[in-house]
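Reader: I am new to this structure and would like to learn how its features are read. Could you take me through them one at a time, with the general idea before the case?

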Amino acid sequence: MKKKIIVAIDGWSSCGKSTLARALAKQLGYIYVDSGAMYRAITLYFLREHIDWTNETLIPAALEDIELDFRPNENTGEIEIYLNDENVEYLIRDLIVAEKVSEIAAIKDVRAFAVEQQQKMGKKKGIVMDGRDIGTVVFPRAELKIFMTADNAVRVERRFKELVEKNPNISVEEVAENIQMRDYIDANREISPLRQAKDAIVLDNTNLTQDEQLKKALKLVKGAVVA
Ligand code: CDP
Ligand code: CDP
């Protein structure tokens, strides 16, 4: 049996991490985990329940009421996130969630809650996880670490295309502002800031199609498996 590895994909917002991670996991027959979806689902819960997350003493009790789960879609087979047994895969992509998620993802107890579950999911290897701190904190010994990037304008255009389909009133400026704000908070927070791991390989997909980025990543996996 071929050696199973851990693939950690980190990088800036909207640069194609999830697209690559999902495709890579499918090709390899690995588990795919979208760690950002976990922070987004926690944010959705805090917003719905009106939790005052600026009061850190309230966080542990709130987290106790949250159960996150990844399950495959019955029709497409795509992995989707569940919050307390409710499929929230679609809801968590809203800009309302994106506007608060980086603030909530910077909270110590929230990160500990998510990281513990992420590390458990990686125990048996054979996993592709994307996020911000996967190669640095969650799986510092991952066999393959990819750090993704793409030009700002391209990232905004890609994310705008997705969001405008759901909400025709959304503006490019709003999307650009959100991406810029999240990148800033994510890279500058005290705990587990977004960093390129020393041993990560940079993948700039500004001019790459999804197929091309997958091919490049598969080559990197081959190298990591035989290493
Ligand atoms: O898809 P996009 O790149 O816009 O974001 P995401 O991966 O869904 O992550 C949403 C937010 O969750 C990020 O902006 C971070 O604030 C947070 N996040 C994090 O702190 N650590 C991770 N490993 C993944 C996401
Ligand atoms: O996970 P992250 O926020 O980094 O990005 P994503 O959700 O995977 O990708 C954001 C958007 O860019 C999606 O609509 C992808 O289909 C698109 N994309 C693209 O057009 N070309 C690529 N090479 C990669 C992603």
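Predicted model: local features only at pLDDT ≥ 70, side-chain atom pairs only at ≥ 80, totals over all residues.

Reader: How many residues surround ligand 1, and which are the closest?

Author: Ligand 1 is surrounded by 16 residues, of which Gly36, Tyr39, Ser102, Ala105 and Gly131 are the closest. Helices (H or I, at least four residues) and strands (E, at least two) are DSSP runs, numbered from the N terminus. The elements giving two or more residues to this shell are α2 (35–48), α4 (95–105) and α8, and α2 gives the most, with 4 residues.

Reader: How do the residues of the shell around ligand 1 divide by class?

Author: Ala, Val, Leu, Ile, Met, Phe, Trp, Tyr, Cys and Pro count as nonpolar, Asp, Glu, Lys and Arg as charged, and the others, Gly among them, as polar. The shell around ligand 1 has 4 nonpolar, 7 polar and 5 charged residues.

Reader: Which residues come nearest to ligand 2?

Author: Among the 16 residues around ligand 2, those that come nearest are Gly16, Lys17, Ser18, Thr19 and Arg158. Two or more residues of this shell come from each of α1 (17–28), α7 (152–166) and α9 (210–226). By class, the shell around ligand 2 holds 2 nonpolar, 9 polar and 5 charged residues.

Reader: Some of these elements are helices that pack together; how is such packing read?

Author: Two packed helices are described by the angle between their axes and the distance between the axes. Axes are lines fitted to C-alpha atoms, for helices over the stretch in contact, and angles run from 0 to 180 degrees between N-to-C directions. Angles under 35 degrees count as roughly parallel, over 145 as roughly antiparallel, 65 to 115 as roughly perpendicular and the rest as oblique.

Reader: At what angle do α4 and α8 pack?

Author: The angle between α4 and α8 is about 20 degrees, and their axes are 8 Å apart, which means that α4 is roughly parallel to α8. Two residues are in contact if their C-beta atoms, placed from the backbone, lie within 7 Å. Leu95, Ala98, Glu99, Ser102 and Glu103 of α4 make the contact with Glu174, Asn178, Arg182, Ile185 and Asp186 of α8. The residues of this contact comprise 3 nonpolar, 2 polar and 5 charged.

Reader: How do the axes of α7 and α8 cross?

Author: The axes of α7 and helix α8 (residues 172–188) come within 9 Å and cross at roughly 120 degrees, so α7 is oblique to α8. On the side of α7, the residues Arg155, Val156, Arg159, Phe160 and Leu163 meet Val172, Val175, Ala176 and Ile179 in α8. This contact of α7 with α8 has 7 nonpolar, no polar and 2 charged residues.

Reader: Which residues of α2 meet α5?

Author: In α2, Ser35, Met38, Tyr39 and Ile42 meet Val110, Ala114 and Gln118 in α5. The contact of α2 with α5 has 5 nonpolar, 2 polar and no charged residues.

Methods: Residues numbered from 1 in each chain as written. Chains lettered and ligands numbered in written order. Near = placed C-beta within 6 Å.
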